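Please provide a briefing on the fold, the packing and the surface of this protein model.

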Amino acid sequence: SINNCLFNKIERLTSNKGGLENEGNHFLQILNMSITATIVILVVLLIFTTIWMIGSAVLFFYGIFKMLLLRISLRNEKLQNALLKDSRIRVYAKKGLPTPFVLGIIRPCIYLPYGLENNELCYILAHEQVHIKRCDHVFRIIGYLALCLHWFNPFVWVAYIVSGKDM
């Protein structure tokens with residue numbers, strides 16, 4: 001029974017037959033094994049944390065780099081504010097753009113492909129203004145930051161891609 005087991009351990013520890021030394025060695029072996037296991041766990045955790053941090057940093061700086069390239073390519077475009085009644089929103093036209101989009105957080109701008117016809121232009125501008133009113137451009141950036149933090153999760157990738165197609 002449990003009482004007999006405890007009584008035998010106490011008896012061995014208090015006897016003069018070297019029981020204390022055996023119990024001490026056994027305790028040190030267990031302590032050494034637990035320290036070794038803890039070190040292994042910490043090293044593995046450090047490796048995975050480092051991989052996660054490198055992945056997050058690479059994705060974040062890739063996004064910054066792509067945004068800077070886009071800003072540089074759009075820098076010298078002509079302002080087309082006469083196209084829009086709301087003068088707070090700036091409208092630019094650029095040759096070679098595949099699709100219209102909104103860029104900017106504080107003062108968002110609408111960028112249009114150059115050479116759109118007037119009958120489709122009013123619908124496209126109204127559509128882009130709705131994106132600005134709904135703050136889709138801000139939510140897209142927040143989504144990208146979430147992707148940078150959770151880059152290892154495939155569901156976050158799917159959510160980011162689907163949200164981009166939905167916008």
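The briefing below covers the overall architecture, the strands, the nonpolar cores, the surface and selected residues.

This is a predicted model, in which local features need pLDDT of at least 70 and side-chain atom pairs count only at pLDDT 80 or more, while totals for chains, interfaces and linings use all residues. Residues are numbered from 1 along each chain as its sequence is written, and side-chain values use heavy atoms, with hydrogens and water left out.

**Overall architecture**

- The protein has five helices and four strands, where helices (H or I, at least four residues) and strands (E, at least two) are DSSP runs numbered from the N terminus.
- Starting at the N terminus, the order of the elements is α-α-β-β-β-β-α-α-α.
- The protein has 167 residues, of which 23% count as buried; buried means under 20% relative accessible area, exposed over 50%, and partly exposed in between (1.4 Å probe, protein chains only).
- Among contacts with a separation of 6 or more, 40% are made by residues 24 or more positions apart, a contact being heavy atoms within 4.5 Å.

- Strand β4 (residues 109-113) is largely enclosed by the rest of the structure, because five of its five residues are buried.
- Cover is present on both faces of β4: C109, Y111 and P113 are buried on one side, and I110 and L112 are buried on the other.
- Strand β2 (residues 90-94) runs parallel to β4 and is joined to it by five bridges; two strands pair if DSSP finds at least two bridges between them.
- Strand β3 (residues 101-103) runs antiparallel to β4, with three bridges between them; F101 has Y111 as its bridge partner in β4.
- The hairpin of β3 and β4 has five residues between the strands, and G104 takes a positive phi near 120 degrees in this hairpin.

**Nonpolar cores**

- The largest nonpolar core consists of nine residues, namely I89, V91, V102, I110, L112, L121, I124, L125 and I132. Two or more residues of this core come from each of β4 and α3 (118-133), and α3 gives the largest share, four residues.
- Another core, of seven residues, lies apart from the largest one and includes Y92, L97, L103 and C109.
- A nonpolar core is here a set of buried Ala, Val, Leu, Ile, Met, Phe, Trp, Tyr and Cys residues joined through side-chain atoms within 4.5 Å.

**Surface patch**

- A nonpolar patch on the surface is formed by L31, I35, I39, V40, V43, V44, I47, F48 and I51, which together have about 790 Å² of accessible area.
- Patches are made of residues with over 30% relative accessible area and no salt bridge; like charges are joined within 9 Å and nonpolar side chains (Val, Leu, Ile, Met, Phe, Trp, Tyr) within 5 Å.
- F48 belongs to helix α2 (residues 19-74) and is exposed, at a relative accessible area of 56%.

**Salt bridge**

- One salt bridge is found in the whole structure, a salt bridge being a side-chain nitrogen of Lys or Arg within 4 Å of a carboxyl oxygen of Asp or Glu.
- It joins the side chains of D136 and R134 (3.2 Å, N to O).
- D136 is buried, with a relative accessible area of 7%, whereas R134 is partly exposed at 49%.

**Selected residues**

- C135 lies in the loop between α3 and α4 (136-149) and has a positive phi of about 60 degrees, although it is not a glycine.
- Most residues other than glycine have a negative phi.
- The relative accessibility of C135 is 34%, so C135 counts as partly exposed.
- P113, in strand β4, is buried with a relative accessible area of 15%.
- Leaving aside residues up to four places away in sequence, P113 touches K94, L97, T99 and P100.
- P113 and Y92 are 21 residues apart along the chain, and their C-alpha atoms are separated by 8.6 Å.

How values were computed. Accessible areas come from the Shrake-Rupley method with a 1.4 Å probe; for residues, only the protein chains shown count as cover.
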